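Please look over the following protein chain before reading the report on its fold, its nonpolar cores and its charged pairs.

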Amino acid sequence: MIYSVLRLDHCFVDGYTKVAVVIKQTIEFQLKCEINSLIEVCIRRLPPLNALRSFESAARLGSFNQAAEELYVTPSAVSHQIKALEEYLGLKLFHREKRQVQITVAGEKYLVAVSHALDELDAATRRLISAPNTSSLTFEAPPAFLSRWLMPRIKDFQALYPDVELRLSTGSVNRIDFDHSDLDMAVYFGDPPDDDDIEVRLVHRSVVVPVCSPRKLEEHQIETLADLRKQTLIHVTSRRNEWQRLLQKAGISMTGEEKGLSFSSTQLALGAALEGLGVALSDKSLISRELQYGQLVVPVEAELLTGKAFYLVYPKDRQLTYGMRIFREWLLEVMGLSEEPE
């Protein structure tokens with residue numbers, strides 16, 4: 001009898017155990033289903049990259065054949081990729097009529113987003129490939145600033161920071177394109193850049209003075225600003241009104257009969273002044289070496305605050321690397337400025 005009771009209790013225990021196991025398995029199954037469901041929600045639904053490239057190229061060029069030439073594939077491959085993309089999206093991106101294709105309204109809307117995404121991916125890839133080293137810096141500046149201000153000071157920078165590799169190039173005076181280049185930073189000349197996507201630091205306000213070669217000063221009597229009207233005035237094409245503003249500031253009007261030479265850049269204008277071809281206007285910071293060694297002189301003490309300036313610019317959404325941070329601090333310190341963004 002006692003043995004029978006023990007057997008019965010054992011059956012009850014086995015029963016409870018089986019129930020517990022079933023409950024545990026049920027809970028685990030439900031949890032697994034919920035986790036898989038969350039994973040499906042979290043994983044990005046992205047179509048194949050090749051299909052997106054084919055669509056963007058065909059939509060931009062308006063032709064499957066031209067897209068095939070650009071991508072180095074056959075027109076059939078482009079058509080296949082776009083068809084697969086349309087099946088993935090469940091809608092038509094192009095109207096196909098005989099041998100012509102025309103993008104749909106849905107395709108036009110999708111093109112905007114796809115083009116932006118591919119541009120971002122291209123820019124990020126360029127930056128990663130070209131500058132994987134956080135101690136390197138790809139930098140661009142106007143020719144005059146780079147050759148006349150920065151180059152003479154590169155040796156000082158290298159002595160202080162030998163671990164920072166500078167990659168320098170000349171660029172447009174007043175247009176910087178971070179989205180389609182591997183640039184980390186740049187110097188911009190002009191008015192403060194009106195762009196919410198870039199960080200702006202004032203580097204140097206432009207103040208110009210008259211300069212000429214010593215030989216020019218020896219050959220011609222230049223004692224007052226009025227005497228300058230008798231000389232050949234050297235202009236930079238984009239800043240032709242600077243001479244007029246400088247003279248007007250001193251109460252001197254230009255007659256319109258003054259001789260002049262115009263050049264497309266500050267570099268060329270200063271080159272002409274060094275050759276004794278006339279009197280130019282230049283920012284003192286760009287000609288410190290020439291003034292120091294007597295290659296250029298200031299014939300008359302006068303200066304003009306142009307209203308333009310040099311600005312250090314870089315993307316706001318890009319985290320500063322070691323090289324970028326060091327160069328920014330050094331540049332602002334050497335120029336004597338550490339102002340907040342404009």
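Is Arg-60 buried, partly exposed or exposed? Arg-60 is partly exposed, with a relative accessible area of 43%, where buried means under 20% relative accessible area, exposed over 50% and partly exposed in between, computed with a 1.4 Å probe on protein chains only.

## Basis of the model

This is a predicted model, in which local features need pLDDT of at least 70 and side-chain atom pairs count only at pLDDT 80 or more, while totals for chains, interfaces and linings use all residues. Residues are numbered from 1 along each chain as its sequence is written, and side-chain values use heavy atoms, with hydrogens and water left out.

## Overall fold

The protein chain has 12 helices and 10 strands, taken as DSSP runs numbered from the N terminus (helices H or I, at least four residues; strands E, at least two). Of its 342 residues, 38% are buried. Among contacts (heavy atoms within 4.5 Å) with a separation of 6 or more, 77% are between residues 24 or more positions apart.

## Nonpolar cores

A nonpolar core is a set of buried Ala, Val, Leu, Ile, Met, Phe, Trp, Tyr and Cys residues joined through side-chain atoms within 4.5 Å. The largest has 26 residues, and those with the most contacts inside it are Phe-139, Phe-145, Phe-327 and Leu-331. Elements giving two or more residues to this core include β3 (136–141), α6 (143–150) and β10 (304–315), while the largest share, six residues, comes from α12.

Leaving aside neighbours within four places in sequence, Phe-139 is in contact with residues including Leu-146, Leu-183, Leu-312 and Phe-327. A second, separate core of 17 residues includes Ala-51, Leu-52, Val-78 and Ile-103.

## Salt bridges

Eight salt bridges are counted, each being a side-chain nitrogen of Lys or Arg within 4 Å of a carboxyl oxygen of Asp or Glu. Arg-60 takes part in a salt bridge with Glu-56, with the closest N and O atoms 2.8 Å apart; because these two residues are four residues apart in helix α2 (residues 49–61), they are separated by about one helical turn. Glu-56 counts as buried, at 13% relative accessibility.

Arg-60 also forms a salt bridge with Glu-70, where the closest N and O atoms are 2.7 Å apart. This pair links distant parts of the chain, with Arg-60 in helix α2 and Glu-70 in helix α3 (residues 64–71), 10 residues apart. Glu-70 counts as partly exposed, at 34% relative accessibility.
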